[in-house]
Amino acid sequence: MKKLRVGVIGCGSIAQHRHLPEYKLNQKVELTAVCDIHEDRVNEIAEKYGVAAFTSFKALLSSGMVDAVSVCTSNDLHAPVSIAALEAGIHVLCEKPMATSKQEAEAMIAAAEKSGKKLMIAHNQRFVPSHQKARQLLQSGEIGKIYSFRTTFGHGGPENWSVEGKDGWFFQKEKAFVGAMGDLGVHKADLLRFLLDEDVVEVGSFVETSAKDFANVDDNAVCILKTESGIIGTLAASWAYVSREDNSTIIYGEKAILRLEDDPLHSLVVQYVNGEVVKYELGRIQSNEAGGQNTSQVVEKFVDSILLDQVPPVPGEEGMKSLAVILAALESNQTKQIVRVDNQISRIGD
Ligand SMILES: NC(=O)c1ccc[n+]([C@@H]2O[C@H](COP(=O)([O-])OP(=O)(O)OC[C@H]3O[C@@H](n4cnc5c(N)ncnc54)[C@H](O)[C@@H]3O)[C@@H](O)[C@H]2O)c1
């Protein structure tokens with residue numbers, strides 16, 4: 001079988017921890033090229049993987065060396081790089097948050113439609129075993145009607161994670177567009193949409209910069225959300241949880257409460273209304289702190305969607321709706337109003 005030729009654009013932490021090793025592990029893939037504006041970094045990575053090095057993404061895209069790319073740059077470049085790749089007839093796996101605005105996200109979706117190439121957004125939380133099991137239980141009716149939820153994703157901040165450290169793009173509005181809400185909150189907006197199988201329609205929020213006095217983006221946010229069918233709950237995203245990461249989600253239903261990634265030993269605990277408690281050991285969530293799950297499955301699913309010519313499990317439309325929750329939260333914080341989430345995808349000519 002002819003292997004899929006893949007390149008990775010942006011050779012920072014997420015590329016080094018997940019995309020590059022996961023492509024390397026995948027028997028259906030030949031990693032052929034990497035790109036970063038930092039010459040030393042890209043040369044080091046190219047040598048490690050035995051692939052070609054580029055310092056310009058445009059040169060990589062026109063090299064004829066790749067059928068697909070991962071976009072692992074700062075957030076401001078997700079849309080321009082993804083669109084350029086799709087226009088060059090190259091499939092795209094783009095990191096989250098998908099884009100810095102709804103218009104950019106729509107342009108990415110349009111470029112994918114026009115080119116007939118795949119666009120997937122790297123929302124890895126959907127593939128975490130406890131999250132998958134919880135969705136199964138919710139869909140089977142085992143938990144009954146869902147009343148409420150509480151989800152949070154917080155840690156001490158990306159300064160010890162990003163290759164650029166404290167002076168890097170994560171803390172600069174021009175490059176990041178948003179702080180913890182876009183970095184971590186968008187994961188949970190996407191997870192809730194996946195678990196509940198509903199869009200979020202209304203958001204109210206407080207979005208602050210509490211802990212990182214050197215940053216000009218938010219680092220601490222609490223939101224209230226309402227879904228299509230009227231389920232209400234809270235979402236918190238923070239870079240101000242100083243001593244331990246919290247990546248937990250609780251779903252409150254008619255017949256049971258689901259506790260996801262809340263208990264250190266059991267990634268899913270189901271507390272039934274009759275007092276029965278079922279504790280699942282499904283393996284740990286992948287975390288920047290502690291590693292966890294061996295692969296995120298994001299790369300594998302992306303590759304399979306190309307080779308089997310199927311819609312990827314997190315297409316651009318899904319990434320856009322999860323981004324729309326974050327955009328609504330930012331607007332609510334500014335206007336001090338409850339904001340309706342704009343879930344409509346405007347297409348050219350609409
Ligand atoms: N899915 C997840 O769980 C997860 C986790 C962490 C980060 N991310 C996302 O991944 C993306 C990258 O984050 P990171 O943590 O790797 O950041 P990072 O700071 O470690 O690395 C970013 C890299 O992009 C490179 N870059 C910047 N401009 C470029 C350009 N024009 N061409 C090529 N390379 C360029 C930088 O030189 C740097 O090496 C972000 O969008 C982030 O939100 C996702």
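Predicted model: local features only at pLDDT ≥ 70, side-chain atom pairs only at ≥ 80, totals over all residues.
Residue numbers start from 1 along each chain as its sequence is written, and side-chain values use heavy atoms, leaving out hydrogens and water.

Let's start with helix 8 (residues 180-196), which packs against helix 10 (residues 316-335) at an angle of about 120°, their axes 9 Å apart. Helices here are DSSP runs of H or I with at least four residues, strands are runs of E with at least two, and both are numbered from the N terminus. The axes are lines fitted to C-alpha atoms, for helices over the stretch in contact, and angles run from 0 to 180 degrees between N-to-C directions. That angle makes helix 8 oblique to helix 10; under 35 degrees would be roughly parallel, over 145 roughly antiparallel, 65 to 115 roughly perpendicular, and the rest is oblique. The crossing of the two is right-handed, in that the near helix is turned clockwise from the far one by less than a right angle.

Who touches whom? The contact of helix 8 with helix 10 has 7 nonpolar, 3 polar and 4 charged residues. For these classes, Ala, Val, Leu, Ile, Met, Phe, Trp, Tyr, Cys and Pro are nonpolar, Asp, Glu, Lys and Arg are charged, and the others, Gly among them, are polar.

Helix 8 also meets helix 6 (residues 129-140), with axes that come within 9 Å and cross at roughly 35°. Here His 131, Gln 132, Ala 134, Arg 135 and Leu 138 of helix 6 touch Lys 188, Leu 191, Phe 194 and Leu 195 of helix 8.

Elsewhere, helix 1 (residues 13-25) and helix 9 (residues 298-307) cross at roughly 55°, their axes coming within 9 Å. That makes helix 1 oblique to helix 9. Their contact pairs His 19, Glu 22 and Tyr 23 with Val 298, Val 299, Phe 302 and Val 303.

Now for the ligand. It is surrounded by 28 residues, the closest being Asp 36, Arg 41, Asn 75, Trp 161 and Ser 162, where a residue qualifies with a heavy atom within 4 Å. A polar side-chain atom of Trp 161 sits 2.6 Å from a ligand oxygen, and a side-chain N or O atom of His 187 is 3.3 Å from an oxygen atom of the ligand.

Finally, the backbone. Most residues other than glycine have a negative phi, and most peptide bonds are trans. Lys 96 and Pro 97, however, are joined by a cis peptide bond, with omega about -15°. Phe 177, in the loop between helix 7 (173-176) and helix 8, has a positive phi near 65°.

Note on methods:
Polar contact = N/O pair within 3.5 Å; in protein donor to acceptor, adjacent residues only side chain to side chain. Contact = heavy atoms within 4.5 Å.
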